[in-house]
Amino acid sequence: MSLLLCENVSLGYDSKVVLSDLSFFVNSGDYLCIVGENGSGKSTLMKTILGLKMPLSGKISMGDGLKQNEIGYLPQQTVVQRDFPASVWEIVLSGCLNKSGFSPFYSKENKKRAKENMERMNITSLSKQCYRELSGGQQQRVLLARSLCATEKILLLDEPVSGLDPKATSEMYSLIYDLNKQGITIVMISHDIQATVKYASHILHIDDDIFFGTKEEYINSVKGRLFLNTKDGEE
Amino acid sequence: MSAMFEKLSMYFEFPFVRYALIAGVLIALCSSLLGVTLVLKRFSFIGDGLSHVAFGAMAIAAVLNFTNNMLFMLPITVGCAILLLMGGQNRKIKGDASVAMISVGSLAIGYLLMNLFSTSSNLSGDVCSTLFGSTSILTLDVTEVIFCAVLSIIVVIVFVLFYNKIFAVTFDENFARATGIKASAYNFLIAVIIAVIIVLAMNLVGSLLISALIIFPALSSMRLFKSFKAVTICSAVFSVVCAVLGILISVLYGTPVGSTIVAVDIIGFVIFYILGIFGGKRR
């Protein structure tokens, strides 16, 4: 049984179909990259996996004992967050909220968990700092630590390196790769085809005709070669 | 100075001054609590919008000759608050436009009704005092003060109990929802609390100045503090101190209560702003 299984899913807003007849699966420990043009429905797909939206048709099911609320999520930055007065500690701790149930306050275990994940992301020294005063890379690490508080199984990342400088970008990628090696399943939307080919184990290319398969299959496919070459040509 | 205290203690002989102070402090405390959330959600003007709804409801209550306005206003305002805050990001008319629409609409209907059916000879005076809350806080009786106290205690308790959830939902609604937090339930809760606070605050500062009571404490403390908890506590203290000062000044010098409190809030904001600039430079 796969961790995540999409069968003949169609996505869209209202009755306008953005993406139709999509099937793929994610096994435990996979590193899946979703690539595709702007507007091809990548973010919509992610929202549907998270349960924020309903698919128009088809089915998304979870296996291996994965529950809907055990999916960690690294969203793109929102306007609200840009001037939100919150300390790093408060944000990371808020990831534990789905574990505290009806209790109005955080337990000792929650706090311990938050501390561990901050160490993992190397942001313990920033604990008291204000989120909006951090650099882009630091902010992403804070949000990653928060996602890790929410789950240890699967992480969905929506363009985690957009707006980061090259150094922070490569740091972010290796951080995510380390998490994957620790056994956390990664599903990532990415525009960076080079990094995708470097790190991913599977690739889902959303386009008029959809490609899904392992990285090796993608590199050898007509579609993959075409996409890789045009990207090279641009740079 | 001593003459001032003598005058004050003389005024405090009167029960209505004491009631005003109690009610003022409670309302200031409540309204500051959710200010931070509202400012960040880009709903700064919801206070103004909802207060106009409350004004419209009050006009209807007056026309229908209800004895207790508060019991009529509360459900209507709560309903509108839920309507405004619950739609989320997918609705057709977005945040600021829907606030403006409801605000202007109910203001017009309220005034129209008052004009058509009012029995009072001093119509513009009535409207003015409901909008600016000129003296109504000084005319509270015991039951109103108790009602006000009970509601504000409930608001504070609910806020403390759900503080962590309110933080999570405000900071990142999608993440909260994706990880299994019932975000819409908490949005509903926030909407109800806000509506209750606004109906309470109408007694103190009147319709027009409620936004000030919600926004100034939050904006002032956001100049100085860096964590959500510190900002929330600071804005509560800021709001209560300004309310007490404002009421005392208005009692001493006979100025209108609502506008005096807001004036003190503005002075407080300027002080915090300057402190924030210096605080920023030191680092």
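Q: Does A:Asn8 count as buried or exposed, and why?
A: This is a predicted model, so the call rests on computed neighbours. A:Asn8 sits in strand E1 (residues 4-13) of chain A, and its phi is near 45°, a positive value in a residue other than glycine. Because A:Asn8 has 12 C-beta neighbours inside 10 Å, it counts as exposed.

Q: How does A:Glu159 count: buried, partly exposed or exposed?
A: Here too phi is near 45°, a positive value for a residue that isn't glycine. A:Glu159 lies in the loop between E6 and helix H7 (166-181) of chain A. Buried takes 20 or more other C-beta atoms within 10 Å, and exposed takes 12 or fewer. With 18 of them, A:Glu159 comes out as partly exposed.

Q: Which strands are the edge strands of the six-stranded open sheet in chain A?
A: Reading across the sheet, the order is E5-E6-E7-E3-E8-E9 of chain A, with mixed pairing. An edge strand pairs on one side only, and that picks out E5 and E9 of chain A.

Q: In E6(A), what is the bridge partner of A:Leu74?
A: Start with strand E5 (residues 71-74) of chain A, which is covered on both faces: A:Ile71 and A:Tyr73 are buried on one side, A:Gly72 and A:Leu74 on the other. E5(A) pairs with strand E6 (residues 154-158) of chain A in the parallel sense, over four bridges. Within that pairing, the partner of A:Leu74 is A:Leu157.

Q: Which residue in E9(A) stands opposite A:Leu204?
A: Strand E8 (residues 202-206) and strand E9 (residues 211-214) of chain A run antiparallel and are joined by four bridges. A hairpin of four residues links E8(A) to E9(A). A:His202 faces A:Thr214 in E9(A), while opposite A:Leu204 you'll find A:Phe212.

Q: Which element gives the largest share of the side of chain A that touches chain B?
A: The contact involves 25 residues of chain A and 24 residues of chain B. Elements giving two or more residues on the chain A side are E5, helix H2 (79-82), helix H3 (88-94) and helix H4 (97-100) of chain A. By class, that side has 16 nonpolar, eight polar and one charged residues. The largest share, three residues, comes from H3(A).

Q: Which element of chain B has the highest mean pLDDT?
A: Chain B has 14 helices and zero strands, and 47% of its 283 residues count as buried. Its mean pLDDT is 81, with 84% of residues reaching 70 or more. Among its elements, helix H7 (residues 123-132) of chain B has the lowest mean, 65, and the highest, 91, belongs to helix H13 (residues 228-253) of chain B.

Q: What ipTM does the predictor give the complex?
A: Two scores come with the complex, and the pTM is 0.82. The ipTM is 0.82.

Technical notes. Residues numbered from 1 in each chain as written. Chains lettered and ligands numbered in written order. Predicted model: local features only at pLDDT ≥ 70, side-chain atom pairs only at ≥ 80, totals over all residues. Pairing = 2+ DSSP bridges. Contact = placed C-beta atoms within 7 Å. Nonpolar A, V, L, I, M, F, W, Y, C, P; charged D, E, K, R; others polar. pLDDT = per-residue confidence, 0-100.
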